[in-house]
Amino acid sequence: RTRKLAKYHSVYTVTAVISHVHDPSKKAPKSGHLVTHACIPSQINMTDPFKQNTQFTSPINSPRPQSQQWALFNDFRVSYSTLFDAINFDKTWRTPCVLYFSKVDIEQQIVVPIYPSPITEDVFFSTNPYGRDPRNRNYGFVAIERGQLPGKNDTVAIDAEFVSLGAEETEIRSDGTRVIVNPAHFSLARVSVLHGKKEGEEQSALTGVPFIDDFIVTPDPITDYLTRYSGIVPGDLDPITSTKHITSLKAVYLRLRLLIDNGVKFIGHGLKKDFRIINVYVPPEQIIDTVELYSIQRQRKI
C-alpha cells in the first residue's frame, strides 16, 4: 500500500520562509521589515562566511543534521538558524509571508546544469544609455581595451561617492533613549576604479590609470549632494547639463559584478560600508581595506 501511494504522491518539505518582523514598541502600522530563513544545501560550507555571526536563536541545542543547515538573512546580517526558528511564529512580532516547499528527492530527479556567468567583458563596450562616449579623454579616464580586464588576484583601487535621498529620522522615547525610526537613505553617485598590479608582475604602464569614472543618474529626488565629502554638485548627475561620464546604475553594477566574479582584489578605504550601500557582496579575501591596515590599537577606526 505504501509503495502504491508513493507512486502517485510526492513528499515536500519546507526549505525557505519569508516573515514580516514587527517591533511591538513602534506604533506605526507599516513599520517592520522582512527576514528570510533558508535551508542551505550541504555542499555549501557555511563555516567561514558565517564565522563572525554564529549566534543560534533557537533554545534547542541539538546538532544540525549534516544534510540540512539553516541560515537567517536579516538585512545584511547572516547568521545560523534552525528549522525550529524558521517555523516558530508569534503574531505579536513575527508573521509568515511566504513559505517555500521543495520536493524531498528533487535533487535526485533533476540535474541542474551549471551555466557560465552571463556577464562578460562586453559590459565595458556596450552602448552608453545616455549617449556618452567613454573614449572621450575629457572624462578623465582611459576606457579599457579588450584583453586589459583585470583578472584573478589582480588589484584595483576603488572609491565610491554617494548622495543622500533622505535624512535619518529619530525619536526620543519616554525613557530618554534615542531610537532610529527611519534610517538614512543613500544612492550611489560616482564610482572610480584604477588599474593596480597584475599578479606576479611589477608596475606596468597602466598602473594607477583610471578605467572607470562613472557618475550614476538616479531617478529619485536628491535631498543632499554631500558636496563636502563627495565633491558632487547639482548638475553633475543631470543627463542634460552634466559634463561627466554619466551612466545608469545597472551598467555600473554589471561592471563591478564582472570584476568581482573575475576574482579581482579591491583596495580602498571603508570598503565594507561602501559595498554595503552599493548593495553588492564581495568576498572578504578580495577586499584590502586601509581602514583595517592603518589604524591605532584600541582606537576607533576612521
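Phe266 is buried, as is Phe275, in what is a predicted model. The rings of these two residues lie with their centres 5.7 Å apart and their planes at 75°, so Phe266 and Phe275 form an edge-to-face pair. The number of aromatic pairs found comes to two, and both are set out below.

| Pair | Distance between ring centres | Angle between planes | Arrangement |
|---|---|---|---|
| Phe266 and Phe275 | 5.7 Å | 75° | edge-to-face |
| Phe124 and Phe211 | 6.3 Å | 45° | tilted |

Because Phe124 belongs to the loop between α3 (106–109) and β6 while Phe211 belongs to strand β10, their pair ties together parts that are 87 residues apart in sequence. Both Phe124 and Phe211 are buried.

When neighbours within four places in sequence are left aside, Val191 is in contact with several residues, including Ile158, Ile212, Ile216, Val252 and Leu256.

Elsewhere, strands β7 (residues 169–172) and β8 (residues 178–182) run antiparallel and are joined by four bridges, with Ile172 standing opposite Arg178 in β8. These strands form a hairpin with five residues between them, and in its turn Gly176 has a positive phi of about 90°.

Methods: Residues numbered from 1 in each chain as written. Predicted model: local features only at pLDDT ≥ 70, side-chain atom pairs only at ≥ 80, totals over all residues. Heavy atoms only, no water. Contact = heavy atoms within 4.5 Å. Pairing = 2+ DSSP bridges. Helix = DSSP H or I, 4+ residues; strand = E, 2+ residues; numbered from the N terminus. Phe/Tyr/Trp six-rings, centres within 6.5 Å; stacked < 30°, edge-to-face > 60°. Buried < 20%, exposed > 50% of the residue type's maximum accessible area, 1.4 Å probe, protein only.
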